[in-house]
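User: Hi! Could you walk me through this one? I'd like to go over the sheets, the pockets and a helix pair.

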Amino acid sequence: MASPSKAGAALAALREDLVGDVFAPSDPGYDEARTVFNAMIDRRPAVIAQCVSEDDVVRAVRFGRELDLPIAVRGGGHSVAGMAVNDDGLVIDLRHMRAVTVDPVARAVRVAGGATMSDLDRACEPHALATTGGRASTTGVGGFVLGGGTGWLDRWCGLAVDNLLGVDLVTADGERVHASADEHPDLFWALHGGGGNFGIATGITLRLHSLPDFSIALLLYLPEFGPEVVRTYRELMAHAPDEASGGIIYLTGPPEEFVPPHLVGSLLCGVLLTYAGPEQDMRKLAEPLLALPHETEVVGAMPYADVQCMIDDPPGMRNYWSAEYLTGIPDPYVDLYCARAESMPVPTGTIHVLFPQGGAIARGPHEYPVPYRDAPWAVHPFAMWEDPADDERGIQWVRDVRADAQPWSTGDVYLNFIGDEGPDRVTAGVGAENAHRLAEVKGRYDPDNVFRFNHNIRPA
């Protein structure tokens, strides 16, 4: 580490040179700047550099390297493991870099490194264009895409990385690199699921798709109907067109207008059918679900960007998530999945999600490090609560959901859905056959493992 005098001089120079704000522990605003989405994470970096441009990012990286500070990168959204912040290091915060530029003729969009899914979706909406985004508007685009990217549109237009056209990066040496199919192709390949291991993404260019219509059916059932709801949705999705997606969601009845007051705070089984097309086609597909006895329904056309906001995760809660990708959901698993909902922490923000894959996901390019592509289903236990006294219960419930799924698990995982579950799970997230090649790319672009506050791939 640098001497105090050298560190002080370097910090003074960074404050002078950076267009954005710089926070040290004694500065007003420091605590707000270090606070992250998951309230279980409480870390105190030495310096937070809130960058507003790629030039700022370059300056911040060089500052961190000069002082040999550990460097964490904060994109636009949330990392459940708190990987966006460290203790006694440098945080390079991109949240002020949110520009989104749509080219409707080329059907492409460039998204700055700190933009959220809402920034992307709202910019594309006036052009009736969209691309696969996360299932919440608060998700950061950069981490989402580089981690693979699954959402309501992936069965129709592929995973987010299947739509990746280019990435602007600042490397561990503070150099600018553009990665695409024609420039730095090995790096471009690694960015299709390898996450933030290879540099700081200051800009991402994605392919867009025409989306003039979007519609949904959101139905809530009493939990005793859960097994029948899941089986009905399973059979519906087995023959559904690629435009259809959604999932089963066990949840605490929220205080919303469409929820009867006597069910607010109670366990409910929900099904969300999303459809990248007109309402009449969605309604015909939803008929078997509508025929089951349900307590409430929201059915009709709805802008895709609005749907993205429907299950936003509030900040300041305690979070623990995981996932398992499944070879299928036969009746024995359906029964286990539904029974496990009975031990969910209720009433909390916890949700118990089961969603389909297939379609364009399975047909997509298999050369990328996204090994979960062929799994037909995934289960995503998403525990979220407020009281620290519930920590043990919430974490154990997530682990129980994973244990239930083991007989049907493919062994693969989507890294954006999990926290720090160890190096074996990182390998499961990129595929054992890809891990060595990713390590070689890491060795070329980040040989010192500067960018290690992530699902880390150690350099070869």
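This is a predicted model: local features need pLDDT of at least 70, side-chain atom pairs count only at pLDDT 80 or more; totals for chains, interfaces and linings use all residues.

User: Good to know. What is the strand order in the open sheet of four strands?

Analyst: The order is E1-E2-E4-E3, and the pairing is mixed. Strand E1 (21–23) and strand E3 (71–74) are at the edges with a single partner strand each, so one side of each has no neighbour in the sheet. From one strand to the next, the twist averages 15°.

User: How do E3 and E4 run, and how many bridges join them?

Analyst: They run parallel, with four bridges joining E3 to strand E4 (residues 90–93). As an example, Val73 has Ile92 in E4 as its bridge partner.

User: And which strands of that sheet does helix H3 touch?

Analyst: Helix H3 (residues 54–66) packs on the sheet and touches strand E2 (47–50), E3 and E4. The direction of H3 makes about 170° with that of E4.

User: Where else does H3 lie?

Analyst: H3 also lies across E8, E9 and E10, and runs at about 50° to E8. Those strands belong to an open sheet of five, ordered E5-E6-E10-E8-E9, with antiparallel pairing.

User: Which are the edge strands there?

Analyst: Strand E5 (100–103) and strand E9 (176–179), each of which pairs on one side only. The twist in this sheet averages 10° from one strand to the next.

User: How many bridges are there between E8 and E10?

Analyst: Six bridges, in the antiparallel sense, pair strand E8 (residues 164–170) with strand E10 (residues 200–207). Val170, for instance, has Ile200 in E10 as its bridge partner. Another helix belongs in this picture: helix H4 (residues 117–124) lies across E5, strand E6 (108–112) and E10, at about 30° to E5.

User: Switching to the helix pair. At what angle do H11 and H13 pack?

Analyst: Helix H11 (residues 331–341) and helix H13 (residues 391–405) pack at about 170°, and their axes are 10 Å apart. That makes H11 roughly antiparallel to H13.

User: Which residues meet there?

Analyst: From H11 there are Tyr333, Leu336 and Arg340, and they meet Trp397, Asp400, Val401, Asp404 and Ala405 in H13. By class, the contact has five nonpolar residues, no polar ones and three charged.

User: Nice. Now pockets: what is the volume of the largest?

Analyst: About 650 Å³. It is lined by 28 residues, and Leu251, Thr252, Pro254, Met310 and Ile311 are the closest to its centre.

User: Which elements give two or more residues to that lining?

Analyst: Strand E12 (215–221), strand E13 (244–252), strand E14 (267–275) and strand E19 (377–385) do. The lining of the largest pocket counts 19 nonpolar, six polar and three charged residues.

User: And what lies nearest the centre of the second largest pocket?

Analyst: Ala81, Met83, Gly419, Asp420 and Glu421, out of 24 lining residues. The second largest pocket holds about 430 Å³ of space. Strand E16 (318–321) and helix H14 (423–430) are the elements that give two or more residues to its lining, and the largest share, three residues, comes from E16.

User: What classes do its lining residues fall into?

Analyst: Eleven are nonpolar, nine polar and four charged in the second largest pocket.

How values were computed:
Residues are numbered from 1 along each chain as its sequence is written. Side-chain values use heavy atoms; hydrogens and water are left out. Two strands pair if DSSP finds at least two bridges between them. Axes are lines fitted to C-alpha atoms, for helices over the stretch in contact, and angles run from 0 to 180 degrees between N-to-C directions. Contact means heavy atoms within 4.5 Å. On a 1 Å grid over the protein atoms alone, a cavity is a set of points where a 1.4 Å probe fits but cannot get out, and a pocket is an open set with protein on both sides within 12 Å along at least five of seven lines; lining residues have an atom within 4 Å of a point. Grid points are joined across faces, edges and corners, and a volume is the space filled by probe spheres set on the points. Ala, Val, Leu, Ile, Met, Phe, Trp, Tyr, Cys and Pro count as nonpolar, Asp, Glu, Lys and Arg as charged, and the others, Gly among them, as polar. Angles under 35 degrees count as roughly parallel, over 145 as roughly antiparallel, 65 to 115 as roughly perpendicular and the rest as oblique.
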